[in-house]
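Here is a short briefing to read alongside the coordinates. Keep the viewer open and follow the topics in order.

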Amino acid sequence: MNTAIIIAQALLKYGPAVARGIAELFQKTDPTLADWEKVFVLAEKSYDDYVKTPEDK
Amino acid sequence: MVCAISIKPMNTNSFRRYHTLFGSVAVAGNVESGRLLWRLTAMVVSAIMVSALLCGGCASRETTAYRTLGVTANLVDGAMNGWGDWVRAGRATTSEQAAVRYAYERYQTTMAVAHKAVVAAKTAPAGTDTLATALKVVESNQASLVNLIGKLVK
């Protein structure tokens, strides 16, 4: 399985935003601290952020 | 003169495919039989394994760790967006929500530890030794995340 297949699967299952994020990861060879921060910021959303209704947002 | 208006139902399948963890209405039924966490586990394990296989021989340890954690974070984010849709649709039971919340919060804890380790390594003057130590922390936390979710589904 190559990178293109992973990205294609991500596109089909989760949509273009996730696929684009993964594609960008594979374009970096020497990640900077800023690159790392972009990864970790994804994990900072709380559970409630994901499940809240539009009225809560 | 008869004016015929074609009323075509909205295709919700494409929305579902993009925004849910489960891919289709048929598969979505698996959640109700308690398979959600198994699917989440399989997804995270496969992301880590594939990423490691892809990167193992062609990139530095830091780049490998970056891609592994990055793929994991992106897939978990996509899965959680889908889970949010599922919860808002009223399809998740209270116990399923509690299980996913627990797993997700442990995942966040693990990522926070990895975050601190990477920041320390990248900003420390000691350089490569500190970075090597930090990457061991990252790798051990990836393993603990997989183990944690694996235990939840048993």
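Predicted model: local features only at pLDDT ≥ 70, side-chain atom pairs only at ≥ 80, totals over all residues.

Chain A has 4 helices and 0 strands, while chain B has 6 helices and 0 strands. The two chains meet through 28 residues of chain A and 35 residues of chain B.

**The two chains**

- Chain A has 57 residues, and 26% of them count as buried.
- Its elements run α-α-α-α from the N terminus on.
- Chain B has 154 residues, of which 36% count as buried.
- Read along the sequence, chain B gives the pattern α-α-α-α-α-α.
- Within chain B, among contacts with a separation of 6 or more, 66% link residues 24 or more positions apart.

**Where the chains touch**

- On the chain A side, 28 residues are in contact with 35 residues of chain B.
- Four helices of chain A, namely α1 (3-14), α2 (16-25), α3 (33-42) and α4 (47-51), each supply at least two residues of the side that touches chain B.
- That side of chain A is made up of 19 nonpolar, 5 polar and 4 charged residues.

**The nonpolar core**

- The largest nonpolar core holds 33 residues, and A:Ala10 and A:Ile22 are those with the most contacts inside it.
- Both chains take part: α1, α2, α3 and α4 of chain A, together with α4 (61-88) and α5 (94-123) of chain B, each supply at least two residues of this core.
- The element that gives the most to the core is α4(B), with 11 residues.

- Start with A:Ala10: leaving aside neighbours within four places in sequence, it is in contact with A:Val18, A:Ala19, A:Ile22 and B:Leu75.
- Then go to A:Tyr50, which lies in helix α4 of chain A.
- Why does A:Tyr50 count as buried? It has 20 C-beta neighbours inside 10 Å, and 20 or more is the cut-off for a buried residue.

**Helix α4 of chain B**

- With 28 residues, α4(B) reaches 40 Å from its first C-alpha to its last, close to the 40 Å expected at 1.5 Å a residue.
- Because 22 of its 28 residues are buried, α4(B) is largely enclosed by the rest of the structure.
- Just after this helix, B:Gly90 takes a positive phi of about 75 degrees.

- The mean pLDDT of chain B is 66, with 45% of its residues at 70 or more.
- Over residues 1-34 of chain B, pLDDT stays under 50, and the model has 32 contacts beyond four places in sequence for this stretch.
- Residues 52-57 of chain B also have a pLDDT below 50, and the model shows 7 contacts for them beyond near neighbours in sequence.

Definitions and conventions
Residues numbered from 1 in each chain as written. Chains lettered and ligands numbered in written order. Nonpolar A, V, L, I, M, F, W, Y, C, P; charged D, E, K, R; others polar. Core = buried A, V, L, I, M, F, W, Y, C linked by C-beta atoms within 7 Å. Buried ≥ 20, exposed ≤ 12 C-beta atoms within 10 Å, placed from the backbone. pLDDT = per-residue confidence, 0-100. Expected span 1.5 Å × (residues − 1).
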